[in-house]
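Please have the sequence and the 3D view open as you read.

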Amino acid sequence: MTDSTIAIRTATETDWDAVALLDAHAFGFHPTDEDMAFTRRFARTEDVILATDDDRPVAVVMHFAMRITVPGGTQLDLPGVSWVSVAPTHRRRGILRALFTEQHRRFVAAGAPLSILTATEATIYGRFGYGPATSELTVSVDRRSARIRDTAADPGGVALVPPAAARPALPGIYDRWQARTPGALARPQVYWDRMFADLEHRRDDASALFYLVHADGYAAYRRKHTPDGMVAVVDDLVAATDESYAALWRVLAGMDLMREIRVDQAADDPLPWLLTDARLPRVTSRDDAVWVRIMDVPAALTARTFAVDLDVTLEVNDPFLDAGGTFSLRVVDGRATATRTDAPPQARLDLDVLGSLYLGGHRARSFARAGRLWTSDEAVLDRLDLAFRADREPFAGWHF
Ligand SMILES: CC(=O)SCCNC(=O)CCNC(=O)[C@H](O)C(C)(C)COP(=O)(O)OP(=O)(O)OC[C@H]1O[C@@H](n2cnc3c(N)ncnc32)[C@H](O)[C@@H]1OP(=O)(O)O
């Protein structure tokens, strides 16, 4: 950074109005008192870092204390970077880089195995070692033609439940789903408080939430009027078992006055295979959700399980900090050991690529085809491609 009037410091309680103003300009919305109350319950003030120009805040980064499930079911505590903004008066002079340097220095000191974020633009974070690791498909179903196959599970057990009765039931179901889903993020109490507050300005011109609840799953949806008819916009569809998923879709498919159902899903969602017409779920968009930066390569690799045995030397290049190096990765019966080594590498990749592979949502072979993963031979690539896969597609569960 060239500008000597810029200083980096931890925020204090009196800085929150300035943080709100910065993010209002950065993201083009006016945070309400409720939005700020949510953020202040979720972020500790000491985890907010500011850049100031002549003592006036001109940029901010913060992180939340989060937890993620990795392939194999281990849950890792890790920082989730959020509310990143640099005032439009001060962009492209290295302020984000300076803030990230300080913030990630703190992550290293705290021993974080990974850090995560969700990105406004896909071009910003690769240089800092973050790779897109989970995806989200927005799907539109023409409900009028939706028929569930006779052979699909039909356990029943779904009830129409008012918000007050849904509130105690949902967190436990979500926790069970989160524990079995790679990439899934634990939800803090403040998330549920905001969801059930169901504030009007967060409804996107749709109704308040309706809840369909099964012992092992639930759907929270809104009704939206459109020129083409009524749409059920599903905000949250969580099933801890396949039976509850089928039971919920039998109810959603039976909502006679709804022309369309909209829902966000993982890429391997079984909905097409439950329906008599597998073409009905139309993917209207596909977006990256969680981006992963591996802060500690051995800690991260030993935390997850792998699909096949491996014995490979990986050279990882970290363009931002010094998490990279050459590592011997050995997997036996799914469990890995990872140690630094001087042996010649059999595979070479940047840290953001390792982040993209880590949760099993992207294939080593795709990165190799793009020239972003080198292997000494085809057999190494084959093993890496198989080993990093997970038993289901990673899915975040919510945005932060
Ligand atoms: C996790 C989250 O919160 S995502 C939200 C991110 N924030 C936003 O989208 C809000 C609007 N944008 C902004 O506030 C700013 O433009 C920021 C935060 C994205 C970038 O801040 P700046 O201070 O301008 O970035 P800085 O000058 O430190 O640039 C660092 C590097 O990133 C690059 N970069 C910065 N912004 C962008 C961008 N939008 N697209 C592509 N590259 C970018 C710079 O070219 C620079 O590259 P280099 O160091 O390799 O030469």
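Let us begin with the active site: the unreviewed UniProt entry places this feature at Tyr125 and Phe400. UniProt positions follow the numbering used here, feature names are shortened, and annotations may be inferred rather than shown by experiment. What you see is a predicted model, in which local features need pLDDT of at least 70, side-chain atom pairs count only at pLDDT 80 or more, and totals for chains, interfaces and linings use all residues. Residues are numbered from 1 along each chain as its sequence is written.

Where do the two residues sit? Tyr125 is found in the loop between β5 (114-117) and β6 (131-132), while Phe400 belongs to the segment after α11 (378-387). Helices (H or I, at least four residues) and strands (E, at least two) are DSSP runs, numbered from the N terminus.

A residue is called buried if 20 or more other C-beta atoms lie within 10 Å of its own, exposed if 12 or fewer, and partly exposed in between, with C-beta atoms placed from the backbone.

| Residue | C-beta neighbours within 10 Å | Class |
|---|---|---|
| Tyr125 | 24 | buried |
| Val86 | 22 | buried |
| Ile95 | 22 | buried |

Leaving aside residues within four places in sequence, Tyr125 meets Leu117, Ala119, Tyr130 and Trp291. With sequence neighbours up to four places away again set aside, Phe400 touches Phe64, Gly80, Ser82 and Thr118.

Next comes the binding site, which the unreviewed UniProt entry places at several positions, including Val86, Ile95, Arg97 and Glu121. Val86 is part of strand β4 (residues 75-86), and Ile95 is part of helix α3 (residues 95-110). Beyond four places in sequence, the contacts of Val86 are Val58, Ala59, Arg91, Ile95 and Leu96.

Which residues come nearest to the ligand? Of the 22 residues around it, these are Val84, Arg91, Leu96, Thr120 and Thr123; a residue counts as near if its C-beta atom, placed from the backbone, lies within 6 Å. Both β4 and α3 give two or more residues to this shell, and β4 supplies the largest share, 6 residues.

Finally, the overall layout: the protein chain is assigned domain 1 (6-112), domain 2 (136-288) and domain 3 (291-387), with bounds from an automatic or database domain assignment. Taken over C-alpha atoms, the centres of domain 2 and domain 3 are 35 Å apart.

Definitions and conventions. Two residues are in contact if their C-beta atoms, placed from the backbone, lie within 7 Å.
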